[in-house]
Structure formats: structure tokens, C-alpha cells
Amino acid sequence: MDILKEELKRSFYFLWNHTNINEEEQGYGLVLDNNINKKMASIASGGFALAGIVIGIENEFISYDEGLKRSKIILKNAMNNISHHKGIMYHFLDFNTSQRYNKTEYSTIDTAIFICGAISVDSYFEDEEIHNMFNIIYNRVDFKYYTFLFKDKLTFRMAYNPDKDGAYRFGNDTHTPWIYQWDMYAEQLMLYFLAAGSNFIAKEEALQLYNGFDRIYGQYNNNKFINSPGGALFTHQFSHAFIDFAKYKDNKIDWFKNSKIACLNNREWCMNNNDKFPLFNKFVWGLSASDTKNGYKSSGTPPFGFESLLETDGAISPYSICGSVIFIPNIAEESLNYIYENYQSTFGEYGFKDAFSLEKNQLWISEKYIGIDKGISMIMIDNYLNGTIHRYFMKHEIIKKAIKVLNFNKLI
């Protein structure tokens, strides 16, 4: 079996088969967050599903007409049925009604992932109805509203939640509904491109935002790079799913090389900690945010660059290896083959399950497939094999404008 092609196909079908196609429901067009909770949709899953439609057509999993119809369903739902605050949408939604799920937050990064998926289909189909819906969804985002001065630097907010007892407020009784800020390097690079391509942010402000987050180098053994606070691999991968940093670079930092080092570093740390986690070896590695036997957690590897402590219960997330394939293709493919051959129960109807771990010779395997994790697996594998999303995303007028505004250069 060709593990990459099979994982690509099965990941695509997870998103395709977990989209609400009931025309009688207000949730028509939403995409589930995971296969276990049938009530909770994720706006980011919707973004990955949109990108997946382009991939599905190009790989002949679905027809052009099927993809066009599904794209319109997803965009129409976002345009008409999903509440937003200055254009930023809820993180989670009720799968059947499109209403807010519990007291979830308005999330900048999850909305950004949706918009990146929308850019992908807008670029691919060149369809007037899709173009009009995309413009409504994109142009209603007031990027400037979500910026503020943090330590004298123009910085993006992370999220907004008006409820004191809502998600990420932790019972906060202060007057502010704002939650955290993107003052560090993580998965948010796509945000700067979306803002730079918009009409809400002037060029000077776009550059201030992009240059305003901390770029803290750290070192583990011989691996020196800019790591995210918790060192989870997804933070080095999500923006790369859409932006082709192998071909477009700024004047100071090679983000593609940085992520490559992060992937190699994650593997090396796992190999070096085999005494604590016997499951880990040169083939079994990949710490990221995932399901674990103790619930959903984020784990990663040093150097952290911040005052963070490593917290892992040894859960390996195969999706983080799939997400590494454009950076370290031979290593990633060899690792996926090894896991498939030696831990076959990790591979099911929709490809690799979200995570697995080993403790006291007891193998734990998640029963979850998570939309964003299948999404990054699908896009990164296809980008490696075919370059589909990179090709269509990078040619969109908004992204071409952002490249110029942010002073990125295309390599010859």
C-alpha cells in the first residue's frame, strides 16, 4: 500500500463524509470537529474541508460539479447562518443549527483557516457566485479591530468572548472580553497574509503586525530555531499548508527551514527520551496537540523559548508526521509505513487515528478522528505529491498583494 496516497484519500473522505448535507437544517454546510461528538462542528474543519474539495477534484475522488456544489453549500452557510463579531467567527458551532456551541469564543486563527480554505476554492473555481460569497465573508473581517498595542508593538488579538464564564475566560471578572494575543511565533503566520491583502490594514500597519511578534531562537542539541511556546508540531505546519514558504521568503527568516528543523528536532527529542517513553524511536515520534488517554492535550519538545514546561503523557500523533512530509519527506514516509506495519490498529476507515501511546506495556489508541488533524494530513501530503493548494492559494490576488506588502521574495 502507498501509505501517503491512502492517508490522503482517507483524510479527504473524513471531511467530505462529516459535512452536514441536510438541506432542512440551519447547519447545512458545517463540518464536524470530530467523529465522536456529533453535535460540535468546527469552523476550522470547514476551512480544511474547502481546501479538500480542490484536492478531491484534482485527485478524482469527486467530480468537479460535486465539488462546486459542496463549496457553495459551505460558503453560503458561513455567509448567512454563522454569527460573527467584526467578521471573526465562532470556534465551535452546533452541527445542526449553526448556533454557538456552548460558550465558545470568536477565534481569529480558526476563522483564518476557514478563509484560507475559501481562498483556495475561490482561486480554483473562478465561479462568480463563489467569488461573491467569498468577498462578503472576507471583506467583513475588520482586521484592524483585532489589533492593539502590546508592549509597544502592534499585535493581533487571539480571540474574543463576551461571556465572563465563556471559553478561555476562566471566570475572568475584569472588563475585557479579549483573550490573549499573538505576540509570539506559533501557527498564526497566515493571519498576517490575510490582513496584508485586505483593505482594512494599511501597508505600514501590516508590516508592523508581521514584524511585531517575538522571534525567540532556542537550541536543543545542535538544533537552533524559533520554536512556539509549547513546541507542538502543528504550530510549525498549519500556515505552511496554504503559504508556500519553500518558494517565498522574507529578508530575514526562512520559515520553511525553520519548520524543517522543528520537525527534525521533535524526532530527535523523542529518540533521546526512549528511556521515559519506550514507544518512542526514530520511526515513532511526533508530539503535538492531540487526543490522549487523559483527554485533549497539547505537548511538544524543547527549546521552548518561553517559561513553558514539557507536559506529555507520551501520546504520538501520526497527523504531525503527515504534516512533516513536505519538510522531511523520506523520514516522514518511512515513519508512517513503520507505524502502519507495527501498529495496524492505529489505521482505520479514515486513515491514521488521532493518537496512540504506550504505558506499562498497555497500548492505548484513540478512537477519534479530528477534522483539523485530518485536514493538515490531507493538505500537506497532497502539497508534497502534487502541490495543489500551494499552487491555487498563492496565485490568488489577495495573497499576491500580501506578498508584496510584507516584502516577501519569490525564489527563482
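I count angles under 35 degrees as roughly parallel, over 145 as roughly antiparallel, 65 to 115 as roughly perpendicular, and the rest as oblique. The model is predicted, so I kept local features at pLDDT of at least 70 and side-chain atom pairs at pLDDT 80 or more, while totals for chains, interfaces and linings use all residues. I number residues from 1 along each chain as its sequence is written, and side-chain values use heavy atoms, without hydrogens and water.

I looked up how helix 1 (residues 3–17) lies on helix 2 (residues 43–58). Their axes come within 9 Å and cross at roughly 125 degrees (lines fitted to C-alpha atoms over the stretch in contact, angles from 0 to 180 degrees between N-to-C directions). Helix 1 and helix 2 are therefore oblique to each other. I noted the crossing of the two as left-handed (the near helix is turned anticlockwise from the far one by less than a right angle; clockwise would be right-handed). Helices and strands here are DSSP runs, H or I of at least four residues and E of at least two, numbered from the N terminus.

For the contact (heavy atoms within 4.5 Å) I listed Leu8, Phe12, Leu15 and Trp16 on helix 1. On helix 2 they meet Ser45, Phe48, Ala49, Gly52, Ile53, Ile55 and Gly56. I sorted the residues of this contact into eight nonpolar, three polar and no charged (Ala, Val, Leu, Ile, Met, Phe, Trp, Tyr, Cys and Pro count as nonpolar, Asp, Glu, Lys and Arg as charged, the others, Gly among them, as polar).

**Entry: helix 1 against helix 11**

I then took helix 1 with helix 11 (residues 371–385) and found that the axes come within 8 Å and cross at roughly 140 degrees. This pair is therefore oblique as well, and the crossing of helix 1 and helix 11 is left-handed.

On helix 1 I found Leu4, Lys5, Glu7, Leu8, Ser11, Phe12, Phe14 and Leu15 in the contact. Their counterparts on helix 11 are Gly371, Lys374, Gly375, Ser377, Met378, Ile381, Asp382, Tyr384 and Leu385. The residues of this contact divide into nine nonpolar, four polar and four charged. I note that Leu8, Phe12 and Leu15 are listed for the contact with helix 2 and for the contact with helix 11.

I checked burial along strand 7 (residues 153–160): seven of its eight residues are buried, so the strand is largely enclosed by the rest of the structure. Buried means under 20% relative accessible area, exposed over 50%, and partly exposed in between, with a 1.4 Å probe and protein chains only.

Which strands pair with strand 7? I call two strands paired if DSSP finds at least two bridges between them. Strand 5 (residues 106–107) runs antiparallel to strand 7 and is joined to it by two bridges, with Ser107 opposite Ala159. Strand 6 (residues 147–150) is also antiparallel to strand 7, over four bridges. I found Phe148 opposite Thr155, and Leu149 opposite Leu154. Strands 6 and 7 form a hairpin with two residues between them, and Lys151 in the turn has a positive phi of about 55 degrees. Strand 8 (residues 178–181) pairs with strand 7 in the antiparallel sense over three bridges, and Trp178 in strand 8 is the bridge partner of Tyr160.

**Entry: Gly218 and strand 9**

I located Gly218 in strand 9 (residues 217–220). At 15% relative accessibility, Gly218 counts as buried. Gly218 and Tyr220 make up the covered face of strand 9, while Tyr217 and Gln219 make up the uncovered one.

Leaving out residues up to four places away in sequence, I found Gly218 touching Asn223, Lys224, Phe225 and Pro303. Phe304 lies 86 residues from Gly218 in sequence and 6.9 Å from it in space, C-alpha to C-alpha.

Strand 9 pairs with strand 10 (residues 223–226) in the antiparallel sense over four bridges, and Gln219 stands opposite Lys224. The two strands form a hairpin with two residues between them, where Asn221 has a positive phi of about 55 degrees.

**Entry: Asn361**

I placed Asn361 in the loop between strand 16 (356–359) and strand 17 (362–365). Is Asn361 buried or exposed? At 72% relative accessibility, Asn361 counts as exposed. From Asn361 to Pro278 I noted 83 residues in sequence and 8.9 Å in space, C-alpha to C-alpha.
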